Structures are given as structure tokens and as C-alpha cells.
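Here is a short tour of one protein chain, written to be read with the structure open beside you. Take a moment to turn the view around before going on.

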Amino acid sequence: MKNQRANLADPVLLEKIDKFFELGIGEYVALPQLLVVGDQSSGKSSVLEGLTGLPYPRDSGLCTRFVTQITFRRTPAAKIGVSIIPAENASSAYAEKLRLWRKDDLVSLGLQTFADILKEVQELMGLGQADSGGNKKTFADDVLRIEICGPDQEHLSVIDVPGIFKKSTPGVTTKADMVMVRNM
């Protein structure tokens, strides 16, 4: 009997890996993934734009402030779904608000639609708003999940994370933000 290795291009296997990530198992077991990491404004989103074909907004106010997981699946019918996975440490009310937010009726994800979704998600996550200590929340531990399905899609998942930065900026970022981003 030949030794058969799992084929990572197998759509069934890739769907199972995506499900494991959804369940948080990726924190305990090394699962295959494509992750683009680097300093702020180093071109991570441009690399992902080239890989995914999604038009990432260039507005500095819309730069990556949370993890974005983009999953492509080959299915007979074309559909695009967008949802938010709340952080594990989120309060129950906040987590429920994020879980209820969905966009399942999208036909395409053009530049303006994508930018509008990012703005709406930032508002839902409270980014740019002052927290109870008067500090503005710059980053969120929540995950924006985009699933793009269709007959011409390859099965691929990519993750976009905020850029690493080495110095805090008064009124914009804090040392706690640096730790949060590094932990993402």
C-alpha cells in the first residue's frame, strides 16, 4: 500500500481547515494558512489585493485595524457573505451585536462596496471612539470574515492583519495597541 499524503488543494480538506479556524482550534494546533505580516504601510494589503483581486481601499482611515479573513470557495452558485467573529474576550452583549451583523446579499465586492463595509465594521467595533478611560479604540480583536463563492473560484483562505509598529503615537496608538497587534 502506498503512503498517501493529504493534498492541500483538496476542497473538502480546505473546508475542514476553515471550520477548525472558525472554532478557534488554530490557536492550539498548527493549521496551514497564508498570512501576510509586516510593518505598517509596507504593502501587505497590496499583496493581498494582488492575490485575492479585492480592491483594498487606499484611504489611510481605512487601513487594517482588525483581522480580516477572506475565504474563496468553489461552489455551483455565486455568492458573497460578510460577517464578524467576535473576540473570545468580548462581552456577551457586544459579541451578540457583532454576530447579528451580516451581509449575505452581495453580488460583487467592488471598491466602494468594500470601503462602505469596512467603515460600517469599524463603527460596529467602536474603532475611533473613546473607551471608558477616554482613550480612542484604534484596533479590535474581532475578525471580519468574507466568504466569496462561485464556480470560478479557487479554494483559498488568506488573513490580513494590522501592521506591526514599533513606536506609539500620542492620541493615535498606545503601547497596549502595539501588544495587541503583535498578539494578533
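A residue is called buried when its relative accessible area is under 20%. By that cut-off, 4 of the 5 residues of strand β6 (residues 156-160) are buried, so β6 is largely enclosed by the rest of the structure. Please keep in mind that this is a predicted model.

**Confidence**

The chain has an average pLDDT of 79, and 81% of its residues score at least 70. Among the elements, the highest mean pLDDT, 96, belongs to α3, while the lowest, 69, belongs to strand β1 (residues 34-36). Over residues 1-5 the pLDDT stays under 50, and the model shows 0 contacts beyond four places in sequence for that stretch. Where pLDDT is low, the predicted coordinates should not be read in detail.

**Strands β2 and β6**

Back to β6: this strand runs antiparallel to β2, and 5 bridges join the two. One of the pairings to look for is Phe 72 with its bridge partner in β6, Leu 156.

Is Thr 68 buried or exposed? This residue of strand β2 (residues 67-74) has a relative accessibility of 5%, so Thr 68 counts as buried. Leaving aside residues up to four places away in sequence, Thr 68 touches Leu 144, Ile 146, Val 158, Ile 159 and Asp 160.

**The largest nonpolar core**

The largest nonpolar core has 27 residues, and Leu 109 and Leu 144 are the ones that touch the most other members. Several elements each supply at least two residues of this core, among them β2 and those in the table. The largest share, 5 residues, comes from α4.

| Element | Residue range | Residues supplied to the core |
|---|---|---|
| β3 | residues 79-85 | at least two residues |
| α3 | residues 92-100 | at least two residues |
| α4 | residues 111-124 | at least two residues |
| β5 | residues 143-150 | at least two residues |

If you centre the view on Leu 109, you can pick out its contacts beyond four places in sequence: Leu 54, Pro 55, Ile 80, Phe 114, Ile 117, Ile 146 and Ile 148.

Which residues of α3 are buried? They are Tyr 94, Ala 95 and Leu 98. Seen down the helix axis, the buried residues of α3 fall within an arc of 100°, so they line one face of the helix. Their cover includes β3 and α4. Turned away from that buried side is a face of α3 with the exposed residues Ser 92, Ala 93 and Leu 100.

How values were computed
Residues are numbered from 1 along each chain as its sequence is written. This is a predicted model: local features need pLDDT of at least 70, side-chain atom pairs count only at pLDDT 80 or more; totals for chains, interfaces and linings use all residues. Side-chain values use heavy atoms; hydrogens and water are left out. Buried means under 20% relative accessible area, exposed over 50%, partly exposed in between (1.4 Å probe, protein chains only). Contact means heavy atoms within 4.5 Å. A nonpolar core is a set of buried Ala, Val, Leu, Ile, Met, Phe, Trp, Tyr and Cys residues joined through side-chain atoms within 4.5 Å. pLDDT is the predictor's confidence in each residue, from 0 to 100. Two strands pair if DSSP finds at least two bridges between them. The arc is that of the directions from the helix axis to the C-beta atoms.
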